[in-house]
2 protein chains.
Amino acid sequence: MFIEIEPSSEIPIYTQLVNQLIELIAKGELQPNDTLPSVRSLAADLGVNMHTVNKAYHELERKNIIRIIPKSGAVVSEITTPTDEQLATITHALKTVLAESTVYGMNKDEVLSIALTIMSDYKEG
Amino acid sequence: MFIEIEPSSEIPIYTQLVNQLIELIAKGELQPNDTLPSVRSLAADLGVNMHTVNKAYHELERKNIIRIIPKSGAVVSEITTPTDEQLATITHALKTVLAESTVYGMNKDEVLSIALTIMSDYKEG
């Protein structure tokens, strides 16, 4: 499981960790029912604070992407149909990034082409 | 200029403000060279702290989306060709949201259809 943290990024470390774990699941490198490393071992591997990993795991649990099972650890959830709240979250996030791409002068076809390339690495929903 | 802040959202208020101003520019409701309201008046209109508006304006300046001109105020920048850094920012943001949509079980065609609908409200780059 390859995770790379950029300490100098403007994106908080726990958010980087959340996003990279979500990408690993989208790519199928982490499968439903896989157990994530313990907070202690992942923190040690990445050289980050245990509190940071713990915060990332709880954020993933809040999004229903993993379940935290006492004594067993963090387990990747099954992928199901999106809830209305999840659809709203994605729509909102797309509005933001697509508005930003427009303001940067990116062409719509160019943005769609980048999106298609990215999605080709991800599992079919 | 219609801006709606949700104080109960998990998204920080200054980020909501940044995102909504970017959307207004993408929609053409704010045009290049338009002057944004003063920090004081926008803060009063929205019922938020002046510091929050100031932080949002400086974030937009950092992204080169507005220029802050002493004594004149905040002015919307011209839209030009995206820099490599801007392309990288958009690609990174798309990776994150598309991974999240995959993990939520959304179908790729469904995501593209939502993206096209959103972009139809935005200017051509």
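Author: Let us begin with confidence: pLDDT is the predictor's confidence in each residue, on a scale from 0 to 100. This is a predicted model, and in chain A the mean pLDDT is 95, with 99% of the residues at 70 or more. For the model as a whole, the scores are ipTM 0.95 and pTM 0.92.

Reader: How do you know which elements make up chain A, and in what order do they run?

Author: Helices and strands are taken from DSSP runs, a helix needing at least four residues and a strand at least two. By that rule chain A has five helices and two strands, arranged from the N terminus as α-α-α-β-β-α-α. The C-alpha trace of chain A spans about 50 × 35 × 25 Å along its principal axes.

Reader: What makes the pair of A:Lys63 and B:Glu100 a salt bridge?

Author: The term requires a side-chain nitrogen of Lys or Arg within 4 Å of a carboxyl oxygen of Asp or Glu. Between the side chains of A:Lys63 and B:Glu100 the N to O distance is 2.9 Å, and the pair is therefore called a salt bridge. The count between chain B and chain A is four salt bridges, and 12 residue pairs, with both residues at pLDDT 80 or more, are in polar contact across the interface.

Reader: Why are the two copies said to be related as by a two-fold rotation axis?

Author: Chain B is superposed on chain A by a rotation of 180° with 0.0 Å of shift along its axis, at an RMSD of 0.0 Å. The two copies are thus related as by a two-fold rotation axis.

Reader: And how do you know that the copies meet through the same surface?

Author: Of the interface residues of chain B, 100% are also interface residues in chain A, so the copies do meet through the same surface.

Technical notes. Residues are numbered from 1 along each chain as its sequence is written. Chains are lettered from A and ligands numbered from 1 in the order in which they are written. Side-chain values use heavy atoms; hydrogens and water are left out. A polar contact is a pair of N or O atoms within 3.5 Å; within protein, one must be able to donate a hydrogen and the other to accept it, and residues adjacent in sequence count only if both atoms are side-chain atoms. Copies are superposed by least squares on the C-alpha atoms of residues with pLDDT of at least 70 in both. Contact means heavy atoms within 4.5 Å.
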